[in-house]
Amino acid sequence: MKIADKLADLWLLAIHSRLGNQEATAGYRKHRRWLEAMDLEKFPTAVMIRDAIEEWCLYGSTILREEIT
């Protein structure tokens with residue numbers, strides 16, 4: 001459950017970070033480091049979600065754009 005909570009927090013912080021909230025950016029980096037320190041390779045779905053959040057944070061969401069059009 002702890003991993004799921006951290007992923008949910010990471011997603012929320014990513015959203016606020018993209019909106020320009022510097023405190024959220026710091027929190028995002030903290031949660032990202034925490035998740036990197038864990039051995040998530042045992043949980044492939046968690047890795048997929050973490051990587052999807054990271055990609056969205058860096059490049060935006062092509063998935064959401066595809067669903068809208």
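## Handedness and basis of the model

A crossing of two helices is called left-handed if the near helix is turned anticlockwise from the far one by less than a right angle, and right-handed if clockwise; the crossing of H2 and H3 is left-handed. The structure is a predicted model, in which local features need pLDDT of at least 70 and side-chain atom pairs count only at pLDDT 80 or more, while totals for chains, interfaces and linings use all residues. Residues are numbered from 1 along each chain as its sequence is written, and side-chain values use heavy atoms, with hydrogens and water left out.

## Packing of H2 with H3

Helix H2 covers residues 22-37 and helix H3 residues 44-59, where helices are DSSP runs (H or I, at least four residues) numbered from the N terminus. Their axes, which are lines fitted to C-alpha atoms over the stretch in contact, with angles from 0 to 180 degrees between N-to-C directions, lie 12 Å apart at an angle of about 150°. H2 and H3 are therefore roughly antiparallel, a term for angles over 145 degrees, as roughly parallel is for those under 35.

In contact (heavy atoms within 4.5 Å), Tyr 28, Arg 32 and Leu 35 of H2 meet Arg 50, Ile 53, Glu 54 and Cys 57 of H3. By class, this contact has four nonpolar, no polar and three charged residues, with Ala, Val, Leu, Ile, Met, Phe, Trp, Tyr, Cys and Pro counted as nonpolar, Asp, Glu, Lys and Arg as charged, and the others, Gly among them, as polar.

## Packing of H1 with H3

The axes of H1 and H3 come within 10 Å and cross at roughly 5°, so these two helices are roughly parallel. Residues of H1 including Leu 7, Trp 11 and Ala 14 meet residues of H3 including Ile 49, Ile 53 and Trp 56. The residues of this contact divide into eleven nonpolar, no polar and two charged.

Leu 40 touches Ile 3, Leu 35, Ala 46, Val 47 and Arg 50, not counting residues up to four places away in sequence.

Notes
Angles under 35 degrees count as roughly parallel, over 145 as roughly antiparallel, 65 to 115 as roughly perpendicular and the rest as oblique.
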